[in-house]
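Have the sequence and the model open side by side.

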Amino acid sequence: MKELTEPFREALAIIETIEEAGHQAFFVGGCVRDFLLKRPIGDVDITTSAKPFEVQAIFDEVIPVGIQHGTVIVRHRGISYEVTTFRVEGEYSDQRHPDSVQFIDKIDEDLARRDFTINALAMNKHGYIIDLFHGREDIEKALIRAVGNGHDRFQEDPLRILRAIRFSSQLGFQIEENTLKAIMATRQSITGLAVERITVELQKLFAGKDVKTALSYMVELRIDQELPVLKDYHLIAKLVPIIQPLHTLAEVLCLIHQMEPELDIRIIGKEWKCSNKILREAFQLNQAVDYYKANGLDNWLVYQLLPDYYNAFYRITEIMFPTKIDKDELYRLKKQLNLTSKKDLNINGNDIIKLFPAVPKGPWIQDKLVKLERLVVLGELQNNNMILKDWLKWNPPEQK
Ligand SMILES: Nc1ccn([C@@H]2O[C@H](COP(=O)(O)OP(=O)(O)OP(=O)(O)O)[C@@H](O)[C@H]2O)c(=O)n1
């Protein structure tokens, strides 16, 4: 019996309320695994013998997110908990949801339909662990092992193939021999998966502490050959020797483009169905990396890159270049900048127009402003109106 930690104590009232109504309820899946591993707990999920309509009747605040699959969300003290009825699943012919589910009364079969032994764990309100498939032993051995027949588990939902590799990255675990064989035999079914699901797994996989091992698995099992973007290049094999954890998808996009310049960031983003926000981040980072390649680290780079991206930029350059950037240097340079934004530049468009009344207005004005901004940031010109005008007199717009 284990003493419950804070996230479970917070959720205890849900288990107790369900039990008081005459049903069984347990913490289940990834939260129990992470609890045993002493990792930070993400979502606390609950599995119960109560049917969805019964859960709806017990609690005031219930969101029916996936009633037909047995899942509702119960809100408790501002936190959302997925509460799912014990179930067994049919096939996933759309590769997203099981075609049918059957609700059952005992937890045993519910645990048996789960992907890996380390995830097929449940825990009651006293901290007693239900472990029908030796999940704890596999946690001790740092092994990812399919529950029962791996072939069946992967056929039911081929996303589990990527989940196996993603867990190896996040947890630093090896994949057990028979599970590896089952992956090999079923890997082609990945192609039918919804891209959004693949992308979520790839993001988690690249962010894991043991991403190198995970990418080695991808190459060994030829999983990359089944994935959008990656299948047409031998990118993953090229990444294995150099890769380190990348915390955001934008970093992954940027790195792939840097490795394979003909793969445009927009193309990768489209194939992986990334949001515009991720694309914007990837472009920003890529611009900074290109600039760094040409000019090294200087004030202009630090000025242009949003501080929110400093860590991402640092991680990519650490992978791509043999000499490490001193991360503190980024912040030191940032602190010492003599301009914090272009609003502080002591000259504006009107000043420039007045200096060259005969030249028709056009994009050249903006170009001059950016040039001046850059020279000031680099410390080559003082941010003084007279001096900036003087520079313009010596560098007038080209007359056609
Ligand atoms: N394709 C899947 C997805 C999930 N599960 C089961 O559902 C649980 C919850 O799934 P999810 O929240 O997606 O993953 P976690 O294991 O909790 O891991 P994480 O939250 O880190 O993604 C898993 O532990 C596993 O028991 C499964 O058997 N097959």
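Leaving aside neighbours within four places in sequence, which residues is Asp43 in contact with? They are Cys31 and Glu82, where contact means that the C-beta atoms, placed from the backbone, lie within 7 Å. Before going on, bear in mind that this is a predicted model, where local features need pLDDT of at least 70, side-chain atom pairs count only at pLDDT 80 or more, and totals for chains, interfaces and linings use all residues. Residues are numbered from 1 along each chain as its sequence is written.

Why look at Asp43? The unreviewed UniProt entry puts a "binding site" annotation on Asp43 and Asp45, though such annotations may be inferred rather than shown by experiment. Asp43 sits in the loop between α2 (30–36) and β2 (45–48), while Asp45 lies in strand β2 itself; helices (H or I, at least four residues) and strands (E, at least two) are DSSP runs numbered from the N terminus. Asp45 touches Val28, Gly29, Cys31, Glu82 and Thr84, not counting residues up to four places away in sequence.

Buried or exposed? Asp43 has 13 C-beta neighbours inside 10 Å, so it counts as partly exposed. Asp45 has 19, so it is partly exposed too. The cut-offs are 20 or more other C-beta atoms within 10 Å for buried, 12 or fewer for exposed, and partly exposed in between.

Terms used: Contact = placed C-beta atoms within 7 Å.
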